[in-house]
Amino acid sequence: MKDIFDKNCSVVFDLLPLYADGSCSARTAELIRHHLLTCKRCRCFLHSIKAPKATSDCGEIPAPHPDYVSISRRLKRRRAVKNTLLTVSAISAVVLPMAIYAYLTSEHRENDDE
């Protein structure tokens, strides 16, 4: 039983930086919240991520991964680029056909006038 808990704890431990950023799915966040209710070690690690210089009663807390900030920034940048591309694609999918239709119908009208 202890081995299963340790595996679950290590998975949650790896996901905590994403959870702290709000970058994980709603289902994953729910599972992590449930785990945090029973695991002081993971709660302390989450606390160290959110407020690394704050003191707590957790004792020795493993330090966050040194690249956490750069990884977090890259994930946020990727999300922003993805959202921008999605928005541009959606607008293009609506505007481009309308522009083509307007061009073709206006050209057709000019030919009818002659």
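User: How many aromatic pairs does the count come to?

Analyst: This is a predicted model, in which local features need pLDDT of at least 70, side-chain atom pairs count only at pLDDT 80 or more, and totals for chains, interfaces and linings use all residues. Residues are numbered from 1 along each chain as its sequence is written, and side-chain values use heavy atoms, without hydrogens and water. Rings of Phe, Tyr and Trp (its six-membered ring) pair if their centres lie within 6.5 Å. By this rule the count is 1 aromatic pair.

User: Are the planes of the F13 and F45 rings stacked or edge-to-face?

Analyst: Planes under 30 degrees apart count as stacked, over 60 as edge-to-face and the rest as tilted. The ring centres of F13 and F45 are 4.1 Å apart and the planes lie at 25°, so the pair is stacked.

User: Is F45 buried or exposed?

Analyst: Buried means under 20% relative accessible area, exposed over 50%, and partly exposed in between (1.4 Å probe, protein chains only). F13, the ring partner of F45, has 16% relative accessibility and therefore counts as buried. With a relative accessible area of 5%, F45 is buried.

User: Which residue has its charged end over the ring of F13?

Analyst: A charge sits over a ring if NZ of Lys or CZ of Arg is within 6 Å of the ring centre and within 35 degrees of the ring normal. The charged end in question is 4.6 Å from the centre of the F13 ring, and it belongs to R41.
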